[in-house]
Amino acid sequence: MKTNTDITVYNRTTIDRENVYVRATVEGVFWEDSEAINRLQSGLENADKATVFVSFGAGFSKEMVEPKEFVKDPENTMTFAPGDLVVKGIVEDEITSEKDLKIKYDYVRQIVSADKNDFGSKKMQHYELGLR
């Protein structure tokens, strides 16, 4: 798969009854971005979206697991789940909210869909993330 960037993923989870974001990175993904604005009667609304393709063979900084497995060991694993945040590029920030990232970076998106395409040969297998 052709790649054009790396990403930083912030998985949202609860540790000691507190909502936190746990950071992980993926090297070698394909990011396709679309910036737009919707016109509504109540005003303008941001309609930015992106699609990110992540090969199963990409450079994951942590073990990749399913969302239900992630909650058992969030410090040593990562996942792709709706509600998690993705930043284009590798960033080192530790955050408490999405706002922390949006102030500092242009390409911050939230996962709205995460498809695991595990059919075909190893070279075809990938994740497809829908971001807003």
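**Charged pairs in a predicted model**

Trainee: Where in the chain do Lys 102 and Glu 98 lie?
Mentor: Both are in helix 2, 4 residues apart, which is about one turn of the helix.

Trainee: And how exposed is Lys 102? What about Glu 98?
Mentor: Lys 102 is partly exposed, at 45% relative accessible area. Glu 98 is partly exposed too, at 22%.

Trainee: Which residues get joined into one network by shared partners?
Mentor: Arg 23, Glu 92 and Glu 94, through salt bridges that share partners.

Trainee: What's the distance between Arg 23 and Glu 92?
Mentor: Their side chains meet in a salt bridge at 3.1 Å, N to O. The two sit in distant parts of the chain, 69 residues apart: Arg 23 is in strand 2, while Glu 92 is in the loop between strand 9 and helix 2.

Trainee: Is Glu 92 buried or exposed, and why?
Mentor: Exposed, because its relative accessibility is 56% and the cut-off for exposed is over 50%.

Trainee: Switching topic: what does Lys 104 pair with?
Mentor: Asp 93, with the closest N and O atoms 3.0 Å apart. Lys 104 is in helix 2 and Asp 93 is in the loop between strand 9 and helix 2, 11 residues apart.

Trainee: Is Asp 93 buried or exposed?
Mentor: Buried, at 18%, whereas Lys 104 counts as exposed at 54%.

Trainee: How many salt bridges are there in the structure?
Mentor: It holds 7.

Definitions and conventions
Residues are numbered from 1 along each chain as its sequence is written. This is a predicted model: local features need pLDDT of at least 70, side-chain atom pairs count only at pLDDT 80 or more; totals for chains, interfaces and linings use all residues. Side-chain values use heavy atoms; hydrogens and water are left out. A salt bridge is a side-chain nitrogen of Lys or Arg within 4 Å of a carboxyl oxygen of Asp or Glu. Buried means under 20% relative accessible area, exposed over 50%, partly exposed in between (1.4 Å probe, protein chains only).
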